[in-house]
Amino acid sequence: MVFKRMAAAALGACWLLITAASPASPLEADVLARINQARQHPREYAEQLRDYRRYFEGRIVYLPGDRNGVITHEGVAAVDEAIDFLERQAPLPPLDPGSLLALAAQDHADAQGDLGATGHVSAAGASPGERVRARGGDVYVGEGISYGFDDADAVVRQLIVDDGVRSRGHRTLLFDNGFHFAGVGCGNHRRFRYMCVVDFAGTEDGGPVLPEWARAKGGYVIRKPTVVAGR
């Protein structure tokens, strides 16, 4: 009997709070590069999704070399919706790597991977912003998580298509013009084999983005954080 693998897209989640690091592994660097490719060239990425769409049979996608296939929640409907979004999306600047953000992302990937857990709140109850703050930054960050893939193309495609996530919250994070930095942390996962955490921020350390007048005066503006749920 052949068992189909359930796509982990719906298990991904996103959490948005608006308010000397180790070098990145090839996977982590590639994930950030693919995110930037999609941000800078959304219409070209739409063409990649059109090619991906060809491998669907109903709700199951059979990529080359994968005879078992992956069961999706929405089939080509989610892919088509993502293509339509990308066709209308204006190009955005690339995200710069944030070393502190990457440390916080790796902390979460390591902890969750060992436990086989999912979600954005750690076993100790720390939110994404609190994990960045524990690394010396601030809480004004967004976080997207991919489960099930150790390939950068698959990780980013999962976040952009956002299969099974009604709000398409992961995609919203990737194409938020207010973010200028990102850090990626990936690792093994006890339940889903692999996971990648991406922490986004408007500043390198997760601090608030100040208006021009505040920066000119050396001021500090505090805004109450709000949360955008992932689904």
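This is a conversation about how the labels used for this predicted model follow from its computed values.

Modeller: Some ground rules: the model is predicted, so local features need pLDDT of at least 70 and side-chain atom pairs count only at pLDDT 80 or more, while totals for chains, interfaces and linings use all residues. Residues are numbered from 1 along each chain as its sequence is written, and side-chain values use heavy atoms, with hydrogens and water left out.

Biologist: Thanks! How many helices and strands does the protein chain have, and what makes a stretch count as one?

Modeller: The protein chain has eight helices and ten strands. Both are DSSP runs numbered from the N terminus: helices are H or I with at least four residues, strands are E with at least two.

Biologist: What share of the residues in the protein chain is buried?

Modeller: Of the 231 residues, 50% are buried. Buried means under 20% relative accessible area, exposed means over 50%, and partly exposed lies in between, with a 1.4 Å probe and protein chains only. The chain exposes about 11400 Å², of which carbon and sulfur atoms supply 53%; such areas come from the Shrake-Rupley method with a 1.4 Å probe, and for residues only the protein chains shown count as cover.

Biologist: Why is the pair of Tyr147 and Phe192 called tilted?

Modeller: Rings of Phe, Tyr and Trp (its six-membered ring) pair if their centres lie within 6.5 Å; planes under 30 degrees apart are stacked, over 60 edge-to-face, and the rest tilted. The structure holds four aromatic pairs. In this one, the centres of Tyr147 and Phe192 are 6.0 Å apart and the planes make 55 degrees, hence a tilted pair. Tyr147 lies in strand β7 (residues 141-147) and Phe192 in the loop between β8 (181-189) and β9 (193-201), so the pair ties together parts 45 residues apart in sequence. Tyr147 and Phe192 are both buried.

Biologist: What makes Arg171 count as lying over the face of Phe85?

Modeller: A charge sits over a ring if NZ of Lys or CZ of Arg is within 6 Å of the ring centre and within 35 degrees of the ring normal. Arg171 is at 5.0 Å from the ring centre of Phe85 and lies over its face.

Biologist: Why are the buried residues of α2 said to line one face?

Modeller: Pro42, Tyr45, Ala46, Leu49 and Tyr52 are buried in α2. Seen down the axis, these fall within an arc of 110 degrees, so they line one face of the helix; the arc is that of the directions from the helix axis to the C-beta atoms. They pack against α1 (26-40), β3 (56-57), β4 (60-61), α3 (76-88) and α6 (152-161), where contact means heavy atoms within 4.5 Å.

Biologist: Why does Asn36 count as buried, and what is it in contact with?

Modeller: Asn36 lies in helix α1. Its relative accessibility is 11%, so it counts as buried. Leaving aside neighbours within four places in sequence, Asn36 is in contact with Pro94 and Leu95.

Biologist: Why is α6 described as largely enclosed?

Modeller: Nine of the ten residues of α6 are buried, so the rest of the structure largely encloses this helix. Those buried residues pack against α1, α2, α3, β7, α7 and β9.

Biologist: What makes the phi of Asp162 worth a look?

Modeller: Most residues other than glycine have a negative phi. Asp162 has a positive phi of about 60 degrees although it is not a glycine. Asp162 lies in the loop between α6 and α7 (169-174) and is buried, with a relative accessible area of 0%. Not counting residues up to four places away in sequence, Asp162 touches Glu74, Arg157, Arg168, Gly169, His170 and Arg171. Arg168 is found in the loop between α6 and α7 too, and its phi is near 55 degrees, a positive value in a residue other than glycine. Arg168 is also buried, with a relative accessible area of 12%.
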